[in-house]
Structure formats: C-alpha cells, structure tokens
Amino acid sequence: MRGGVFGLLCSALLLAQDAVAQRPNAVRGNKPKKWVMRSVAGADYACKCYPGDDCWPNRGQWQKLNNTVGGNLQVNIPPGAPCYNTFQGPLGDVATYNAAECQKVTSNWNDEQFQIELPAAGLWTYFTNDTCRPTTTPTDTCTLGYYPVLVIMAKTAAHIQAGVDFARENNLRLIIRNTGHDFLGRSVGWGALVINTHSFQDIKFSDAWSGAGDYSGPAVTVGAGVQAFEVLKQANALKPPKIMVTGECATVGVAGGLVQGGGHGPLTNFYGFLADTALEFKVVTADGDLKTANADTNADLFWALRGGGPSAFAVIVEASYKIFEDKPSAGLHLDIDQSHTTNTTLFWEAVRVFHGYSTHFVDNGLYVYYELGTTGQNLHVHPFVGIGKTPEELQAVLEPMFADLDGLGITYTTSEADFPTFYDLYQAMFEGEMAGNSALTGGWTIARQDVEENHPAVISAFQTVVSAGSFLIGHMWSAGHGLPEEQWGDSAVNPRFRNVVDKLITIVPVAGNAPLADKAAAQDKLTNVVDAALREGSPNGCAYINEADPYEPNWQEAFWGETYSRLLEIRQKYDPDGVFYAVSTPGTENWEQIETGTRLCLKI
Ligand SMILES: Cc1cc2nc3c(=O)[nH]c(=O)nc-3n(C[C@H](O)[C@H](O)[C@H](O)COP(=O)(O)OP(=O)(O)OC[C@H]3O[C@@H](n4cnc5c(N)ncnc54)[C@H](O)[C@@H]3O)c2cc1C
Ligand SMILES: *[C@@H]1O[C@H](CO)[C@@H](O)[C@H](O)[C@H]1NC(C)=O
Ligand SMILES: *[C@@H]1O[C@H](CO)[C@@H](O)[C@H](O)[C@H]1NC(C)=O
Ligand SMILES: *[C@@H]1O[C@H](CO)[C@@H](O)[C@H](O)[C@H]1NC(C)=O
C-alpha cells in the first residue's frame, strides 16, 4: 500500500515544473519519507502525517521520543478544557472538568503571561480556531481545533534536536513555540508536534564581546525563551544601566520570532532592528545538527536568521546581541477623541497634521507609538518618546505640530514626563497588552517618499481602513536613521525599511469560531480593502513579516524585496525538504494548508 502511494508520488513529482520549489526528499535520493496523498479540485498534494494516518507514529515511537526528551513530551490539552466535562481530542477523549482550574483559566484568559506559560496556547486565538473557549456550560463540546497535538517542553538543546529529528523522520508538522505571541498563527498548527522553548531562560552579560565579527562592545547572550521584560530589567541593573533593541511589547521573546522577522522597537531609530544588533546564534538546523551561526561560521545562515523569516531556517537555541548605554529620556502622551471634537472633518485634519510630521519626528530621533480608530474617531499617541532628550528638547521637536493643531482650533489632551533612563520611561508610559482576543491582523509601512510626495493619499488610506471597521496601530521610526548605511545589508530585512517613517498594524476583528463564510469575508476585507488601501497609499512602503496579512499578495516582494532570492537559496541549502514551515516564509511557495487550513501539503 505504502509503496504504491509512494510510486504515485514519485511519478507525479517528475512532472512538477517549478525547479525552485521545495519537494519531498525522495527526489533527492534520500531515505524515502512517508506522505499522505490528497487530491483537491484536480490538484495533487503530498501531505505531512497526522493522527489517524497510517504514517502517524505508533505508541512505541512516541514513548521512545518521550524517553529521549527526558519525559518532557505532553499530550496537548487546550487551555479552556477544564471548563468542559470532556475534551474530545484526536488521540481520544479525556475527562477534563475541574471547577478551580476553570475559574483560573476564565479569570486569566486575557492575561498575556498566563497564556505564554501554557505549553502551546496562541495569544491571538483566531488561529486556534477557538473550539474550546472557557465556558460556563460544561456539557458543550471542546475539541482541539488548530491547537497542536503533542508538545515537547524542551529543557536542553538535545531535546530540541530530538524533536526536529522525530518530526523530520516521521514527516510531521513541526511548530516551534516560544511565547505564542504570533499575529499570523505561526506558533499554532493543526495536528502538529510542538517544540516549546520557554524553559531556555539563561541571560549572560559581557562587557566586551570577544566572539566573531569586529564588534567588541558590551553584549548579552540569551536563551531562546527569554522575554524582553526580563533581559531589560537585568540590563537596567548593570552599572551604568544598559539597554537593548526589543519590541515595544515587554512580553515578546527576544530570541524567537522577533529577531527572525527583524524586531523593531523604540531604539530602532538608533540601532536598527534587533536583527541588526545580532552577534551570534546557536541553532538546531533541519538535519538535527547543533550549529553556530555568526559572521565567520555559517555566515549565510547568520544573515538569513536576521530578518529572513521565523521558523524558516533553524531553531534558535541561544542568541547574542549588542547592548547599549541607556540615556535619560522624555515622553509625552497625546489624545484627541470625541470629547475634543465630534466634527469628523476636523478630526481628520488633526490626524493629517500629526502624521504629516512623521518624517520630522524620525529625523529628530523620536519613536512614536499610536493607535488610530480604536473607538471610531480617536487618536491615541502613547507615547512620543525622546531617548536622550530633555523635556524641553522633546517639546521643541513637537512644537510645530502643536502650533498647527492650535491653528486648526482643535483641543487635545497631553501629559508629559521625563525619566533617568529610557527603561524607566518604558515602564511608566507604555500600556500593557491583552491576550485571548480573536482578530485577523495585517499591516504595511509608510515610506518617507510617500509622505513627502503624496501625503493626502496616505490619510485617505487611513480613512478607508477606519471606515471599514478596522483600526491602526502605528510605530514611527526609521530603521536607517542611526544605523550606518554600510551595515544595512548585514541583515536580511527588506531594504525598504531603511526609508520607512511609520510601520502600521491593521486589525480586523473576527471570532475564531465564526462561520467559514464570515472568516472568508474578514480575510477578504483585510487583504482587498484594508491593506489594499495602505499599499495604494504608500506604494514605496513594504510589509513586516511579523505584523502582516498571512496572505499578503506578492509576499516575497512585500516582505523582502531584493533580499528574497538569496533567502530562497539559503532555505534550499538548510531546509530543502520543508521540515520547518511558517506561512509566507522563503521557499514555501508550493506548501499549502488544504482542507480548511488543516493538512500541510506540498502541491505536486
Ligand atoms: C502585543 C504584541 C506586540 C508586538 N510588538 C512588536 C514590536 O514592537 N516590534 C516587533 O518587531 N514585533 C512586535 N510584535 C510581533 C512579534 O514580533 C511577533 O509576534 C513575534 O513572532 C513573536 O515572537 P515570539 O518568539 O515571542 O512568539 P511565538 O509566537 O512563540 O513565535 C513566533 C514565530 O517564531 C517562531 N519561533 C519562535 N521561537 C523560535 C525559535 N527559537 N527558533 C525558530 N523559530 C522560532 C515560531 O515558530 C513562530 O513562527 C508584537 C506582537 C504582539 C502580539
Ligand atoms: C512522557 O513521560 C512522562 C514521565 O514519565 C509522563 O508523565 C508523560 O505522560 C509521558 N508523555 C506521553 C505523551 O506519554
Ligand atoms: C474550525 O472552525 C470552523 C468554523 O469557523 C469549522 O467549520 C471547522 O470545522 C473547525 N475546524 C477544526 C479542526 O476545528
Ligand atoms: C467641521 O470642521 C471643518 C474643518 O475645520 C469646518 O470647515 C466645518 O465648518 C466644521 N463643521 C461644523 C459643523 O462645525
């Protein structure tokens, strides 16, 4: 039976046209792998192995894996299961009701850190399919949805290696899960085996980096599971206090998806992306080897890991970064909402004024985090950040904007504060974020050129986004402002980011368990209305792989531009068979999740 299926696969593959695409390793003369064949609407697919398939590993094989990973293999029970009598899992039914546990998960559902510490939860639940949310009706049905099936709570690099080997040899869908923050659903996946990296919490500082490359300043080496708040806290305790590039969100990991997508934050105006500050990675590649990647060793892999896409080239076990002296900083909050005006024309005039200064803000080193349209007609700038600036210096940069707002005759609310370090400002002036919500997220960036040459088009795109029932989260920075141009090419991020002045996230709320037609409509709105407006409003912008529509049109160009062809070659070299998969990452052109986003398959 299997031989027959395999023969069919091989002959089908000989007909495959695209020389660039990944294909099953049978073609490459390696040990044959097991595939599940599918045919959908006249197209043939070779799929990974899932529960119920002949090629799904048997009990003994799982037990052997469990022994290899020190007993750290778990069957994944969705977080809401304690509120239900029974969890109807793919490996069988489990009695799960537990009043105290149900109470705990219900009250903590929106707490980021609570969700992060679960083995395989996704913080944006849309991509889990939401088939087991906490409930007060225990007789309702709880199923796994798109939560993964089994999890290795890895404690050592050897556990990660064992997980990669097992997934490769058995042709399983493999998910690397760090904090579960992912906006695109890349840290969950139907029928998957997860390697959870949360236990890798080591943090080690050095005054003078002595490893590869020509940098010799202070550095930090972090384990794969370290989150921003922890490393920032420890760096701040150094004398004098130090800081590193992280996202604006303190709970995102600093050695997982963030750096592999790039990693922008309040320090990006000065040092570029987190990826631009990387010195070295210890990784497990698709062949199961533990490798070092830095400027001297596996330099191609080192480059690709710096913004080339999460879960595409290797599993990061440990990462080393440059760190920097922290500086006194000033911040300011600005709000304009319906308590200030209900006049829509006037409100958008104010938005135009604010946004028209984006080039001015980044040219003066400001980082600006804002939300637009969260409650319909509101602009919420929390905050403007002046790192290394006194309150007077910050005011001086903002002065022309305030003069123009005053000229419009609009009122607004501000509050200002200054701090001995940026870290202190970060603690005091940034807002916390919530988990457990369901939405589709997209995004685009606004190029300097488009602000300068056709700003009305940018603002009219914003109006389209808000009137479609979406809203915007903006991050004003330029990744080329402080980083010397000769270093721009050291990372794999899209070169267009060096001339960006605003990086936007768009949100289209939609329930994770909505009818399929509603989900399709939401996806269509995101791609073809909301993000389409931004693409048109800033044709010289680009998209950020970590905060974007998973189905971004022309994603190769949008995410990477001219770096894409080199990334494709490196993917081919390090993961020719697609052991790793994350949507819209280099080399995944022929992979598809068929059968309503479930089975991951190669189109053949
Ligand atoms: C509230 C919020 C705020 C955010 N703010 C910012 C921001 O300011 N700047 C910014 O740049 N981004 C920001 N992001 C986006 C963030 O970059 C992504 O969500 C990122 O993917 C999170 O990485 P993670 O490792 O913490 O999460 P996970 O969801 O666990 O992982 C994300 C992806 O990385 C892969 N991955 C994780 N660990 C590893 C590893 N060790 N090796 C290989 N692959 C791995 C996963 O498989 C997955 O594809 C924000 C996201 C949220 C939800
Ligand atoms: C793995 O082994 C541990 C320790 O013996 C056990 O508690 C756990 O249930 C096992 N996991 C699976 C999936 O059987
Ligand atoms: C996912 O949710 C949709 C409804 O949105 C449902 O039709 C489908 O059966 C669900 N699939 C799984 C695997 O839970
Ligand atoms: C709304 O604001 C615009 C722009 O300032 C102004 O021209 C218009 O008269 C205002 N409308 C009302 C009803 O006040």
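Start at the interface of domain 2 and domain 3, where 16 residue pairs are in polar contact, both residues at pLDDT 80 or more. (A polar contact is a pair of N or O atoms within 3.5 Å; within protein, one must be able to donate a hydrogen and the other to accept it, and residues adjacent in sequence count only if both atoms are side-chain atoms.) You're looking at a predicted model: local features need pLDDT of at least 70, side-chain atom pairs count only at pLDDT 80 or more, and totals for chains, interfaces and linings use all residues. Residues are numbered from 1 along each chain as its sequence is written, and side-chain values use heavy atoms, with hydrogens and water left out.

Next, colour the two partners: select 203–325 for domain 2 and 329–563 for domain 3. These bounds come from an automatic or database domain assignment. Their centres, taken over C-alpha atoms, are 25 Å apart. Each domain puts 35 residues into the contact, meaning heavy atoms within 4.5 Å.

Now show Arg 498 and Asp 276. Their side chains form a salt bridge, 2.8 Å from N to O, and the count between domain 2 and domain 3 is one. (The rule: a side-chain nitrogen of Lys or Arg within 4 Å of a carboxyl oxygen of Asp or Glu.)

About 2800 Å² is buried between domain 2 and domain 3, 58% of it on carbon and sulfur atoms. Buried area is the accessible area (1.4 Å probe) that two parts lose on being put together, summed over both. Pick Glu 248, His 264 and Asn 269: in domain 2 they lose the most area to domain 3, together 27% of what that side buries.

Key. Chains are lettered from A and ligands numbered from 1 in the order in which they are written.
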